[in-house]
Amino acid sequence: RKMVKGTKKKILTFSSRGIGARYRHLLTDLQRLLPHSRKEAKLEPKEKLTTINEICELRSCEGCIFFEVRKRTDLYMWLSLTPNGPSAKFQVYNVHTMEELKMTGNCMLNSRPIITFDGNFDTAPHYTLMKELLLRLFGVPKGQPRTQPYVDHVFSFSIADEKIWFRHFQIADAPQAGAAAPAAGGSLDGTMLVEIGPRFVLDPIRVFNGSFGGFTMWRNPHYVSPTQIRAADRAALAMKYVSRVRSIKEHQQRREESKLRPEPLDMEEVFQ
């Protein structure tokens, strides 16, 4: 095959140390779906994120998808174009891997995907920038050495509730005439979409003008960190305990007040 300019573009996909099993399987699914990605050893927690720029330069990678795990429960995804940026940070919710979903869809290994975006990506400048990041990192260049000359699956990015929803579908042949009606997502042009997996939701946090840092170009005003959510839950539990202790003290006080006081003409008080 003839090599086209830009076909050797590579991206780096790896994670920080301490990643859980579910998130590790999600990273493995993405590495299998992106034939132009390269693996790397886990990044130590003490290392700065700017070190990733040097690793990408050594590996001749033009971008990076980095999974940052905090407290072994919270997953953050970094999308960055190295070494000059821009970059974006997301929190990942509702992770479902391909092995977990066990969908009926399937696609050829190392085939190129079609990437579709919701029309809401063109409604705001920060969504347009995120769209460009997703397109450059998840888009497999034509003629890339590891790819197969087939297009049989679709990456879908949609915006709902100010979050980005990712779905992965297979482009399959629709049932023939006289057969059963096509499933959801089917059409009458001879093709239909069958979901493969994985699934996840990205909650945008910040957009930086540099790679893994720099000036904050946009910040999500509605974002609430999981630490704040856990603190609010603990405060709610503490308020339940405080209200229960207060009710016990009030009950004891009412019992003390309801006791009969000794009268001055009581027989025991007169004849002592």
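**View 1. Lining of the largest pocket, with helix α1 and helix α3.** In this predicted model, α1 and α3 (98-101) each supply at least two residues of the lining of the largest pocket, where helices (H or I, at least four residues) and strands (E, at least two) are DSSP runs, numbered from the N terminus. On a 1 Å grid over the protein atoms alone, a pocket is an open set of points where a 1.4 Å probe fits, with protein on both sides within 12 Å along at least five of seven lines, and lining residues have an atom within 4 Å of a point. The largest pocket has a volume of about 240 Å³, a volume being the space filled by probe spheres set on the points, which are joined across faces, edges and corners. Of the 15 residues that line the largest pocket, the closest to its centre are Arg32, Met98, Asn106, Cys107 and Ile196. By type, the lining residues divide into seven nonpolar, five polar and three charged; Ala, Val, Leu, Ile, Met, Phe, Trp, Tyr, Cys and Pro count as nonpolar, Asp, Glu, Lys and Arg as charged, and the others, Gly among them, as polar.

**View 2. Helix α1 and its buried residues.** Helix α1 (residues 21-33) has 13 residues and reaches 18 Å from its first C-alpha to its last, close to the expected 18 Å, which is 1.5 Å times one less than the number of residues. Its buried residues are Tyr23, Leu26, Leu27, Asp29, Leu30, Gln31 and Leu33, where buried means under 20% relative accessible area, exposed over 50%, and partly exposed in between (1.4 Å probe, protein chains only).

**View 3. The largest nonpolar core.** A nonpolar core is a set of buried Ala, Val, Leu, Ile, Met, Phe, Trp, Tyr and Cys residues joined through side-chain atoms within 4.5 Å. The largest one has 40 residues, and those with the most contacts inside it are Ile65, Phe67, Met77, Phe138, Phe157, Ile164 and Phe200. Among the elements that each supply at least two residues of this core are α1, β3 (63-70), β4 (74-81) and α4 (125-138), and α4 gives the most, with six residues. Leaving aside neighbours within four places in sequence, Phe200 is in contact (heavy atoms within 4.5 Å) with residues that include Leu26, Leu30, Met77, Val92 and Ile164.

View 4. Phe212 is found in the loop between β10 and β11 (213-219), and counts as buried because its relative accessibility is 5%. Not counting residues up to four places away in sequence, Phe212 touches, among others, Leu49, Ile52, Phe66 and Trp78. Phe212 and Ala88 are 124 residues apart in sequence, yet 7.8 Å apart in space, C-alpha to C-alpha.

View 5. The buried residues of helix α2 (residues 51-58) are Thr51, Ile52, Asn53, Ile55 and Cys56, and what covers them includes β1 (11-15) and β3. Glu47, found in the loop between β2 (37-38) and α2, counts as partly exposed because its relative accessibility is 42%.

**Notes on the views.** Residues are numbered from 1 along each chain as its sequence is written, and side-chain values use heavy atoms, with hydrogens and water left out. For this predicted model, local features need pLDDT of at least 70 and side-chain atom pairs count only at pLDDT 80 or more, whereas totals for chains, interfaces and linings use all residues.
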